[in-house]
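Okay, thanks for coming, everyone. Have a look at this one with me, and I'll talk you through it.

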Amino acid sequence: MSDRLPGFSTLAVHAGAQPDPTTGARATPIYQTTSFVFNDADHAASLFGLQAFGNIYTRIGNPTNAVLEERVAALEGGTAALAVASGHAAQVVILQQLLQPGDEFIAARKLYGGSINQFTHAFKSFGWNVVWADPDDIASFERAVTPRTKAIFIESIANPAGSITDIEAVSTVARKAGVPLIVDNTLASPYLIRPIDHGADIVVHSLTKFLGGHGNSLGGIIVDAGTFDWSTGGKYPMLSEPRPEYHGIRLQETFGNFAFAIACRVLGLRDLGPALSPFNAFMILTGIETLPLRMQKHCDNAKAVAEFLAGHPAVASVSYAGLPSDKYNQLARKYAPKGAGAVFTFSLKGGYDAGVNLVSKLQLFSHLANVGDTRSLVIHPASTTHSQLDDAAKVKSGAGPDVVRLSIGIEDKEDLIADLEQALGA
Ligand SMILES: *Cc1c(COP(=O)(O)O)cnc(C)c1O
């Protein structure tokens, strides 16, 4: 082999994986075991004391999951990663390392509906207070910073309207405030956007969506960029203070530029427990092998469908950053030049009733609450994913009553357009 660095598609197939050393199996085996035999008592003690790396128990780590972690870390350009049971579990594990009760984090208002719920209700019950900011108004993040702010959370391509966030501008605010920037990169995937290249300190994914890509397995992952200094000012005691259960070591001091990923594993996953099944890790790894091919087709189809809708008389507006007329097109050209993703919204002249009617008439599109499947999906956010919000908040988060959200799959684009045409015309 030459000494050139492997490209993205090569990493998507190979990163983290080797033929199995004992059997020669070429695909990554599913290590369906809860626990692992120690060499001897000293080996066991050193694993428990974090003095050696190795497998103990699948709640803390598993060799199949480790391949997935290494692969996603490579694709995102991070130092290390931790796979967990779902995207939501990843968000809990991240914030548990950063916030103490009474602390705050700033979140963009345009988010996955489930994240809005999680931040507003569950996190509040932990004493973690979310402060909302407007991703289209960078100064609103600056205004939201207080001495209790511990993190900023945004989506790269934001739900539900596929709007593009100016990651570098938000990263500048985070740097100034001395807090890490967390980017949910689920809708972009590292094929379209690598947030770490633009100043993100932590990247989080719902692997359930484009990375797994086939609508069959839940998973989540946390990627450590290795960029943040956790030792300053005692702001992040989980990382900077001695850990009594690990012989008083300080995670930042011992693990350096992958201390955050270690904290998420040995404090977050160990104690909260949302481990990813090795079977799901295997399914998601298989999905990732074709990520570059799928993602390009998702984007090309989405652009064709958005263009069709923009020219249809029943459609009031289309919000797709890949259209030259879209307000996010400049940001899309900068951050996602290969394509603006495959999740976007459009609004119907007939309002709420027309939205509900359209969803019921579509045949090839599946009406369900998911995105990032090979299949094309449709949902009416105001009556489902965003129904818990009041009307003003629905409009602010891009889920007004007349809005329909699509997640475009990898079918033939002509068939998708024909299905929309019959449903809109009928
Ligand atoms: C689905 C999703 C999540 C939550 O992930 P789960 O795997 O369903 O827990 C978080 N963020 C975004 C953008 C999502 O699409």
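Let me start with a word I'll keep using: buried means under 20% relative accessible area, exposed means over 50%, and partly exposed is in between, with a 1.4 Å probe and protein chains only. Two housekeeping notes. This is a predicted model, so local features need pLDDT of at least 70 and side-chain atom pairs count only at pLDDT 80 or more, while totals for chains, interfaces and linings use all residues. Residues are numbered from 1 along each chain as its sequence is written, and side-chain values use heavy atoms, with hydrogens and water left out.

We count Phe, Tyr and Trp (its six-membered ring) as a pair if the centres lie within 6.5 Å; planes under 30 degrees apart are stacked, over 60 edge-to-face, and the rest tilted. By that rule the structure has 18 aromatic pairs. Take phenylalanine 126 and tryptophan 128: their centres are 4.9 Å apart with 75° between the planes, an edge-to-face pair. Phenylalanine 126 is partly exposed because its relative accessibility is 39%, whereas tryptophan 128, at 6%, is buried.

Now phenylalanine 228 and tyrosine 236: the planes are at 90° and the centres 5.7 Å apart, so this pair is edge-to-face. Buried or exposed, phenylalanine 228? At 15% relative accessibility, phenylalanine 228 is buried, and tyrosine 236 is buried too, with 0%.

Next, the domains. The assignment, which is automatic or from a database, gives domain 1 (31-287) and domain 2 (292-425). Their centres, over C-alpha atoms, are 29 Å apart. Between them they bury about 3,000 Å², 60% of it on carbon and sulfur atoms; that's the accessible area (1.4 Å probe) the two parts lose on being put together, summed over both. On the domain 1 side, Pro160, Tyr191 and Phe210 lose the most area to domain 2, together 25% of what that side buries.

Tyr191 has something else going on: the charged end of lysine 338 sits over its ring, 4.5 Å from the centre. For that we want NZ of Lys or CZ of Arg within 6 Å of the ring centre and within 35 degrees of the ring normal.
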